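Happy to walk through this one with you. Let's take it question by question, with the structure open beside us.

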Amino acid sequence: MKFELPKLPYKTDALEPVISQQTVELHYGKHYQGYINNLNNLIQGTKFENMDLVDIVKQSDGAIFNNAGQSLNHQIYFLSFSPNGGGSPSGKLAEAINRDFGSFENFKKEFNAASVTLFGSGWAWLAKDAKGKLSIVKEANGGNPITKNLVPLLTFDVWEHAYYLDHQNRRPEHVDALWNIIDWKAVEARY
Ligand code: MN
């Protein structure tokens, strides 16, 4: 198979209590794996067969786009966490957040609001443009800001499968807790 599930840099129970082991096992092991399997099957014999994932997301539509987008989105999502995460960013990313959102606290407030008000299934993103200017982008379903020529830096998955076992309908509770496991070094490396 062309695309494979990346190894997690932490154990499946390491993100507790923010994300339970059961949720990581289902979300990473079943949902994310499912998108990769679907993508591998769908691209066989098409012009996408030998493309990298980013190019497929930029150039495809329909079922291939949905599964490529979800494969890329979950890769960014699951590689943005650490059991030793939390706190706040430093360096150039911290400067850009202060410049474009006023403060880290205000950025978190705006990002939480985007995550909570996104109707239905989708993703909240922190992204940068070609000049390094930051913005918060809401994407439905499998959308990714690379299709708007932006670079994705951080994302919260607000599909119900990301939080329903742990928080049922209480999405705001899940979103608030996620900040405690963000691996800012991984996010800063994308800036
Ligand atoms: Mn998901």
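Strands, named E, are DSSP runs of at least two residues, numbered from the N terminus. Please keep in mind that this is a predicted model.

Q: In which loop does Asn-149 lie?
A: Let's begin with its backbone: phi of Asn-149 is near 60°, a positive value in a residue other than glycine. Most residues other than glycine have a negative phi. As for its place, Asn-149 lies in the loop between strand E2 (134–140) and E3.

Q: Is the peptide bond from Glu-16 to Pro-17 cis or trans?
A: Pro-17 sits in the segment before helix H1 (21–43). Most peptide bonds are trans. The bond from Glu-16 to Pro-17 has omega near 5°, and it is cis.

Q: How are H4 and H5 oriented to each other?
A: The axes of helix H4 (residues 91–101) and helix H5 (residues 104–117) come within 8 Å and cross at roughly 70°. Angles from 65 to 115 degrees count as roughly perpendicular. H4 and H5 are therefore roughly perpendicular.

Q: How many residues of the contact of H4 with H5 are nonpolar, polar and charged?
A: From H4 come Ile-97, Asn-98 and Phe-101, which meet Phe-104, Asn-106, Phe-107 and Glu-110 in H5. Sorted by type, the residues of this contact are 4 nonpolar, 2 polar and 1 charged.

Q: Which residues does Trp-159 touch, leaving out those up to four places away in sequence?
A: Trp-159 is found in the loop between strand E3 (151–157) and helix H6 (164–167). Its C-alpha is separated by 9.7 Å from that of Leu-118, 41 residues apart along the chain. With residues up to four places away in sequence left out, Trp-159 touches Tyr-35, Gln-70, Ser-121, Gly-122, Trp-123 and Asn-141.

Q: How many salt bridges are there between domain 1 and domain 2?
A: The protein is divided into domain 1 (21–78) and domain 2 (91–190), and the contact takes 17 residues from domain 1 and 20 residues from domain 2. The two domains bury about 1600 Å² between them, with 64% of it on carbon and sulfur atoms. Counting a side-chain nitrogen of Lys or Arg within 4 Å of a carboxyl oxygen of Asp or Glu, the count between domain 1 and domain 2 is 0 salt bridges.

Definitions and conventions
Residues numbered from 1 in each chain as written. Predicted model: local features only at pLDDT ≥ 70, side-chain atom pairs only at ≥ 80, totals over all residues. Heavy atoms only, no water. Axes fitted to C-alpha atoms, helices over the stretch in contact; angles between N-to-C directions. Helix = DSSP H or I, 4+ residues; strand = E, 2+ residues; numbered from the N terminus. Parallel < 35°, antiparallel > 145°, perpendicular 65-115°, else oblique. Contact = heavy atoms within 4.5 Å. Nonpolar A, V, L, I, M, F, W, Y, C, P; charged D, E, K, R; others polar. Domains from an automatic or database assignment. Buried area = accessible area lost by both parts, 1.4 Å probe.
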